[in-house]
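Hi,

Here is the structure I promised to pass on. Have a look at it first, and my notes follow below.

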Amino acid sequence: LLFDLCSHTFTMCLGGKGSSVFPTELLHHICSFAPSHTFCCVSKSWARGLHLKHAFIDTLPSSEELLHLKTRQPLSLKLELPRLRQYQLRGLLHGVCHLAELVTLSLWVHASEPLGSSGMEAVTVLRGLSKLEQLQVEVGGHDVGPRGARHLSQLLATPSLTSLSLGLWGDCLGQEGLQALFGGCSPRACLLDLCLKLEKNSIGDNGVWILLCEIGQWKGLRAVDLGLSNNAITPVGASAVECLSNLPALSSVCLSLGYNDLGDLGVQNLAEGLLGCPGVRHLNLSLEGNQVGDDGCRSLASLLHHSVWSLGSFSLCLAENPLGDLGVSQLASALHSNRSLESIAVDFRECHVTERGFGLLQVLCQYCSTLRHLTLNFEGLARNIPARPTLFMRNCRPAFLRRLSLSLGYKVLSGFELRGLCSWVPGCCAALQQLAVGLPCTDIGDGGAEVVVQMALGLPQLSRFSCDLRGN
């Protein structure tokens, strides 16, 4: 049992091997216990949330037991239930609906057997929570199907909902499921943040058009996060992004389109559609495994060059694509000319980037005065070409960086290059506050680990440090 002094939330990790029973007496005790001197020095209020984590239990709390959670303050409830049956889910959610002060609910259901559409029918009772503002439901892999999607569509009618996240990956939705999810649902102006994880649902191009045309009617949306990987989407489907231009308040867009069939033409259509969203400040594009080459990078560069854009953060994953130095040079030039960027994350895993490409990237980091956060992933480059990421660091002086993340694993670095890296970071990025270094499978040994530690100790303002040393 843990109590988070910042969020005032209890975390209960229950069960393990075998079966266990929900600790009703403990729940009653912590929810009715008056504030003691232990907590008075921190806050005058009592617990505001409960998180049941990995609850392998046979007996779930009843409605009466959950009523002990009633409080005059906003309440947060998070349930991670790896083993759950339909009747248990129905009874549990019936009890949750009695929590009138519930404002945040997160439900993760990882059942041993799929709940199916009838299990989704039980979830619809949550729409009766009149004060619910943030709802997250993760039911991926439960064979929800079109019928279950029709049940889940009722959650969109929750009157007070401002943030909704639905995890429906691998749920056999198809185009019919998307129509059922949004069918008969009138657009609500109060919904501000929408996250839909729809990976591996075979929705195709028509499904993407159905989805984005519906989302384009929700005029109050500020943030859209769509997981559309592994859905057989072609350039025709990528053109549907133009529907987002109908959202005047949109400021954050995250599109995960990995392992589709976009190609360079699809990226061009995607970039042209995003040009119609001038208010976007945060853009995250995942395009791994889409056969994107230098022509696709040219389209992305034109997107960044466009005068109406004032991006604050830009994240781009181009892993496992046949792009080369020309594409990297176009991206580097576009990023360098954008004077509003504070955060850049680029993933070049398994790409055909040589020394020239790394040299162009160093120009970006050296002269972009607004850049504060930088993430670069060069893992696996040495498997195909003799690229040396240390050329990226040769004359680079990113003095303005506050957060740096470098992934240089899988035989990319020699011992000499590791020492060069570890001397470059403290010497040129002395203002770093957060540092993450990935060095998996580099055979650096104990001596290399000591060099890495000395690098971290040489940063006086460093407050957070992480290092991946697997396979060493």
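The largest nonpolar core has 113 residues, and Ile 215 and Leu 287 have the most contacts inside it. Such a core is a set of buried Ala, Val, Leu, Ile, Met, Phe, Trp, Tyr and Cys residues joined through side-chain atoms within 4.5 Å; buried means under 20% relative accessible area (1.4 Å probe, protein chains only).

Please note that this is a predicted model, where local features need pLDDT of at least 70, side-chain atom pairs count only at pLDDT 80 or more, and totals for chains, interfaces and linings use all residues. Residues are numbered from 1 along each chain as its sequence is written, and side-chain values use heavy atoms, without hydrogens and water.

Leaving out residues up to four places away in sequence, Ile 215 touches Phe 182, Leu 194, Leu 196, Leu 221, Val 224, Leu 226, Leu 244 and Leu 247. Contact here means heavy atoms within 4.5 Å.

Phe 182 is also one of the buried residues of helix 7 (residues 174–182), along with Gly 174, Gly 177, Leu 178, Ala 180 and Leu 181. Their cover includes helix 6 (145–152), strand 7 (163–167), strand 8 (193–197) and helix 8 (204–215). Helices (H or I, at least four residues) and strands (E, at least two) are DSSP runs, numbered from the N terminus.

As for pLDDT, the predictor's confidence in each residue from 0 to 100, the chain has a mean of 76, and 71% of its residues reach 70 or more. Confidence is lowest in helix 2 (residues 37–40), at a mean of 31, and highest in strand 9 (residues 223–227), at 96.

Best wishes

Methods: Buried < 20%, exposed > 50% of the residue type's maximum accessible area, 1.4 Å probe, protein only.
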